[in-house]
Amino acid sequence: MYNIIMYLTQFCIAVGSCFSKKLRKMWRGERVAIKVIREKIDPNAKYVWFHAASLGEFEQGRPLIERVRKEYPEYKILLTFFSPSGYEVCKNYAVADIVTYLPIDTIINARAFLRAIRPVMAFFIKYEFWYNYLHILQHRGIPTYSVSSIFRPEQVFFKWYGGGYSRVLHCFTHLFVQNEESKQLLNSIGVKNSTVVGDTRFDRVLNIKEYCKQLPIIESFIHLSEDNKPKVFVAGSSWQPDESVFLKYFNTRSDWKLIIAPHVINENHIKSIKSLLQNKKVVCYTQTTEDAVYNADVLIIDCFGLLSSVYRYGDITYVGGGFGVGIHNVLEAAVWGKPVIFGPNNKHFIEAQGLKRSGGGFEISDISTFSTLMERLEKDTNFRLKSGASGEEYVASLAGASDKVLSKVKL
């Protein structure tokens with residue numbers, strides 16, 4: 001049944017590629033992946049393979065990738081993605097020797113792919129459980145690890161009908177999970193080789209903070225060098241439902257500057273943001289200068305790669321996605337010691353739950369709850385600063401997952 005689903009998925013991607021630019025990139029990338037490996041591979045090298053579905057999973061795996069590169073330079077690194085949103089951003093990632101798509105998990109693809117690369121070790125990040133790839137890796141005796149994985153009772157592995165698919169979890173040499181609940185769920189189906197190490201994203205955001213970018217355009221926009229600089233609200237990875245909430249509030253305020261880094265960057269989304277703003281001077285990051293941005297009210301970050309450094313410039317931060325499929329990376333904001341606000345769909349995000357418990361994160365459900373929270377954060381400076389400090393302490397307290405993983409992995 002699984003293989004039938006994979007072939008159907010492959011067929012749907014092929015058909016969908018005729019109508020979707022994203023699927024077209026995925027289809028073309030997967031078709032040439034094995035050819036790319038054969039052209040770029042060093043036949044005398046030993047490769048460690050890291051697989052991430054998309055950009056978020058890559059950020060979780062990145063601390064490990066960079067540690068392996070630094071501490072074990074005798075190995076080369078293969079990095080694969082399933083989604084174009086990961087591959088397109090990271091295709092020139094200098095730490096990896098080869099970056100490519102991962103072909104759909106059919107038996108033919110898995111055999112051809114692994115025959116081409118012949119890795120000495122493999123790491124699958126978070127939710128990646130590819131049945132054929134993992135079984136072939138196990139059959140060949142290649143150490144394979146699941147990193148920053150998290151399990152919940154509603155997943156197919158723990159249902160009465162999921163017994164066949166759950167065998168894929170036995171293919172891992174070891175599973176490095178985020179919390180104790182995941183470990184107990186694995187134990188309940190006979191998977192005993194797991195260790196609770198936490199989430200490698202905590203290591204990643206601390207590393208980003210240490211090597212953050214200076215952004216002169218933003219520093220001019222917020223009047224950083226002035227004693228009476230305006231208050232700054234930074235919204236990252238926002239979607240239209242997020243923007244329709246917080247922009248209503250700021251439309252009536254002239255004493256704040258807004259920095260908005262939307263999750264989807266295209267002309268239509270930027271037009272949508274501008275349409276929600278009233279009597280505001282709006283500029284886009286790639287289309288302005290340090291002088292021109294000074295008197296603007298709203299700065300839209302219309303490029304990728306800056307958000308993790310942008311959060312540092314805010315007094316209050318907002319992370320989008322909570323009015324849709326789920327919030328994005330709240331840790332990137334919290335690490336800077338700023339209060340973090342997000343929408344209601346955050347229950348399955350343990351870092352958001354941790355931030356709420358620590359006092360550094362706040363859930364809002366509509367314009368009313370957002371306005372009430374913002375007014376308190378504005379008026380009570382001690383509350384705002386204490387909230388930010390609590391979030392920063394929470395992030396620092398959970399660092400070290402990468403060390404725990406590498407202490408058990410023998411390269």
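A salt bridge here is a side-chain nitrogen of Lys or Arg within 4 Å of a carboxyl oxygen of Asp or Glu, and the count between domain 1 and domain 2 is 1 salt bridge. This is a predicted model, in which local features need pLDDT of at least 70 and side-chain atom pairs count only at pLDDT 80 or more, while totals for chains, interfaces and linings use all residues. Residues are numbered from 1 along each chain as its sequence is written, and side-chain values use heavy atoms, with hydrogens and water left out.

**Domains and their interface**
- An automatic or database domain assignment divides the chain into domain 1 (1–207 + 400–407) and domain 2 (211–398).
- Contact, meaning heavy atoms within 4.5 Å, takes 11 residues from domain 1 and 12 residues from domain 2.
- About 1200 Å² is buried between domain 1 and domain 2, with carbon and sulfur atoms giving 63%, where buried area is the accessible area (1.4 Å probe) that two parts lose on being put together, summed over both.
- On the domain 1 side, R201, F202 and V205 lose the most area to domain 2, together 48% of what that side buries.
- R201 also joins E351 in a salt bridge between their side chains (3.0 Å, N to O).

**The annotated position**
- An unreviewed UniProt entry lists E57 under "active site"; its positions are given in the numbering used here, feature names are shortened, and annotations may be inferred rather than shown by experiment.
- E57 is buried, with a relative accessible area of 17%, where buried means under 20% relative accessible area, exposed over 50% and partly exposed in between (1.4 Å probe, protein chains only).
- Leaving aside neighbours within four places in sequence, E57 is in contact with A52, I125 and K126.
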